[in-house]
Amino acid sequence: MNLKKHTPTLVAAAVATVLLAGFGVTSISIAGMEKGGPAPLAPLGLPPIPPDNLQTPAKIELGKLLFFDPRVGGDASTGCSTCHEPDQGWAWAEDFSRGYPGTVHWRNSQTIINSAYFPRQFWAGSASSNEKQAKSAAKGGVAGNGEDDLMEARLALIPEYRKRFKEVFGTEWPHIFDVWHAISAFERSMVQRDTPMDKYLQGDKRALSEEAVRGKSLFEGKAGCIQCHNGALTSDTDFHNIGIPPNVRWEEDGLAQITFRFEQYAKGQTEEGYRTAKSDWGFYYRGKNKWDRGKFRTAPIRYVKYTAPYMHNGVFYTLEEVVDFYDRGGFDEDGRTTDFPENKSPLIKPLGLTDEEKSDLIAFLEAYSGEEILMEKPELPEYAPLFTKAQLEAAQEAK
Amino acid sequence: MGVLVTTGRTILAATIGLGMALGVQASGYPDIGPLPQLKTNAAKAELGKRLFFDRRISGDAGISCADCHMPDNGYAHPDALSPGYPGNGHFRNSASLINTAHKNVWNWDGRIGTNLNDMTREMLTEDYIMNMDMRIMQERAKQDPVYVQMFKDAGYGEPSNGSVRKAIPEYLKTLTSRNAPFDTGKMSDSAKRGMALFKGKGGCMQCHNGSLVTDLKAHNTGVPENFDVFLDPMNHQAFVAFTMFQGIPDYMNLKRDPGYYNVTLEEQDMGKFVTPSLRELKYTAPYMHNGMIASLPEVVEFYNNGGGKDSRKSDMVKPLNLSGQEKKDLVAFLEALSGDPLTGSGFVWSEEYPAEYPVIENWRQVRN
């Protein structure tokens with residue numbers, strides 16, 4: 001694989017973002033704001049940077065270390081990168097994310113590439129920023145399963161981290177709150193804005209193949225994809241029920257059944273809901289509105305070449321399966337669909353695509369992925385004793 | 001993780017309660033006597049036994065209660081410092097669980113003074129111990145048909161967190177001293193002489209009294225710090241996390257175990273630890289809250305020298321001027337307080353646990 005060393009350019013881009021974007025003014029168009037139809041496809045601008053967590057090269061570099069450090073987690077085995085592997089699309093190449101040891105997750109791991117642009121994180125929008133996402137993931141029982149006190153204690157015993165946190169945040173000791181800030185700064189540097197489609201939209205008409213150009217017309221026309229996959233991000237960042245069937249793994253895998261019930265419990269289901277749920281109720285868990293059952297955040301088309309499998313529960317392993325699913329009007333090859341057909345979006349209906357149209361569409365989808373972003377895992381700083389034996393002897397003497 | 005911090009008042013009240021129940025001898029200290037029997041429910045205790053030895057009730061399914069409280073070591077651990085959860089170490093010695101059901105205060109610093117139900121929750125959920133999200137634990141239990149049946153047989157209905165916290169204490173009630181020479185009256189002459197020293201010249205009785213041979217109160221005897229707590233970052237991180245969470249001031253600079261100070265935040269309680277029971281010592285070396293003393297003769301020597309160095313050391317601890325024979329007699333008496341090992345199948349779960357969780361069939365048709 002082609003190892004692309006991109007840290008310096010990303011850092012430069014991120015710093016430029018601060019200057020250009022000012023106080024968190026987003027440079028992307030927000031879906032649905034425009035009258036008379038979905039936001040047009042557009043080149044991806046710079047990500048929004050929150051004013052309380054500005055990008056600096058030192059912060060991004062610290063965030064990168066922390067992102068790859070499994071000591072930011074419960075038993076020091078499961079860090080961010082454990083489920084967001086650079087060579088698995090900064091995601092996890094199985095239907096469900098691998099989860100904490102002794103568990104399996106219940107949703108598909110999403111790529112961190114371009115996660116900076118989303119106003120709400122996770123498939124059901126339960127975190128309103130990268131910072132909150134990082135915290136939830138590091139602490140969740142089937143994710144990082146870490147606790148603030150122990151994670152903070154570990155970092156305090158790593159001299160390199162003490163030095164870097166002091167430089168970046170000015171604190172004597174690393175604070176767990178700042179861990180989420182640094183990781184988010186790193187994630188905001190992980191964007192891809194030079195895909196063939198970005199180049200095409202910027203005027204380079206040779207950037208797309210003829211198939212992809214035809215696919216673009218289908219995307220914006222007959223196939224109707226643009227109704228939700230729109231704007232620069234190719235996501236309206238909203239929540240829809242498109243008819244994804246439950247993952248059959250819940251019928252076949254005891255470990256997955258455990259996590260399934262745990263999630264119903266942890267997400268505040270009613271007793272009856274806990275007893276009867278047989279699929280992920282998605283956006284319902286936010287507001288507990290029955291019309292939100294089975295809704296999930298529109299995933300971006302960007303970087304999909306590297307992030308299979310697809311959908312919130314990873315039921316489709318190829319883009320062909322995805323296109324076939326939409327072509328059938330939201331049914332898989334066995335005719336299965338959402339447990340909540342009453343909530344299924346009216347935007348989803350059979351498309352009547354020909355085989356050639358399907359392959360054109362896929363060519364277009366792939367044009368939203370640039371080169372694979374790979375990164376060597378950094379060497380992690382080591383623990384060192386905080387005190388010397390002489391200091392301890394002196395303290396003993398002074399007791 | 002959630003931790004219930006009891007106040008000093010709770011512990012003292014509980015301690016007084018025990019003292020009154022046991023009767024007070026002429027010297028002013030409750031006499032050492034046999035432990036009362038505890039009634040147990042067999043089905044509940046059997047369930048608790050399976051849980052106690054089951055690694056699936058820790059966060060990453062890596063350790064069970066029995067990994068730090070090992071049957072062969074008197075339900076303690078042979079290392080000076082308990083191993084702790086994978087990914088970190090620990091900062092205290094694993095205490096024996098034999099007779100723990102007779103206590104009313106738990107942990108070396110006495111921070112739990114309610115019941116074993118709370119203590120069980122503390123051990124399961126504390127991040128540096130078992131780091132278990134109990135909601136996941138409940139769902140794991142419900143996925144194992146053996147547990148589903150055992151919880152039902154125990155009268156608990158379907159598996160739940162609350163029942164785990166009841167069943168494990170029920171099992172712990174079965175871990176009580178059996179046939180200690182002291183209890184059966186079959187002590188050697190040396191041990192008998194040691195008992196007289198224990199009650200008299202040795203002054204041990206001042207704190208080690210009553211049927212459990214402990215007053216269950218916190219004292220400072222000047223046990224030296226175990227530097228491995230601070231020099232090994234794996235142990236130190238657990239110590240820092242603990243003191244941070246408990247609200248100990250200036251925890252990053254702390255170079256000693258605060259002990260009972262954790263409960264009261266009163267300076268005079270710095271370095272106090274709850275008197276351990278002297279029953280079953282034969283199996284539970286090393287000794288003291290941080291495992292700093294390897295053998296019983298060394299423990300006796302420690303007290304013969306008047307304990308360790310600490311400006312807040314208890315006045316009760318002073319040089320004893322014991323002869324060589326007296327020290328041996330004292331050790332003989334201490335050993336006579338140990339009974340049969342609790343290592344048989346009546347105490348230890350010996351059946352295999354399933355390597356994988358069986359799938360619930362017809363999952364879409366049955367209620368969760």
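User: Which residues is A:Ala182 in contact with, leaving aside neighbours within four places in sequence?
Analyst: This is a predicted model. In it, A:Ala182 is in contact with A:Lys59, A:Leu62, A:Gly63, A:Leu66 and A:Val168.

User: What about the largest nonpolar core, which residues touch the most other members?
Analyst: A:Ala182 is one of them.

User: New topic. How many residues does the contact take from chain A and from chain B?
Analyst: Chain A gives 47 residues and chain B gives 46.

User: Which element gives the largest share of chain A's side?
Analyst: That is α11(A), with 8 residues. Other helices giving two or more residues include α5 (148-156) and α16 (389-397) of chain A.

User: How many on that side are nonpolar, polar or charged?
Analyst: There are 23 nonpolar, 11 polar and 13 charged residues.

User: Now helix α2 of chain B. Why is it largely enclosed by the rest of the structure?
Analyst: Because 9 of its 11 residues are buried. The helix spans residues 42-52.

User: Which ones are buried?
Analyst: B:Lys44, B:Ala45, B:Glu46, B:Leu47, B:Gly48, B:Lys49, B:Arg50, B:Leu51 and B:Phe52.

User: What covers them?
Analyst: The cover includes α5 (145-153) and α6 (161-172) of chain B.

Key: Residues numbered from 1 in each chain as written. Chains lettered and ligands numbered in written order. Predicted model: local features only at pLDDT ≥ 70, side-chain atom pairs only at ≥ 80, totals over all residues. Buried ≥ 20, exposed ≤ 12 C-beta atoms within 10 Å, placed from the backbone. Helix = DSSP H or I, 4+ residues; strand = E, 2+ residues; numbered from the N terminus. Contact = placed C-beta atoms within 7 Å. Core = buried A, V, L, I, M, F, W, Y, C linked by C-beta atoms within 7 Å. Nonpolar A, V, L, I, M, F, W, Y, C, P; charged D, E, K, R; others polar.
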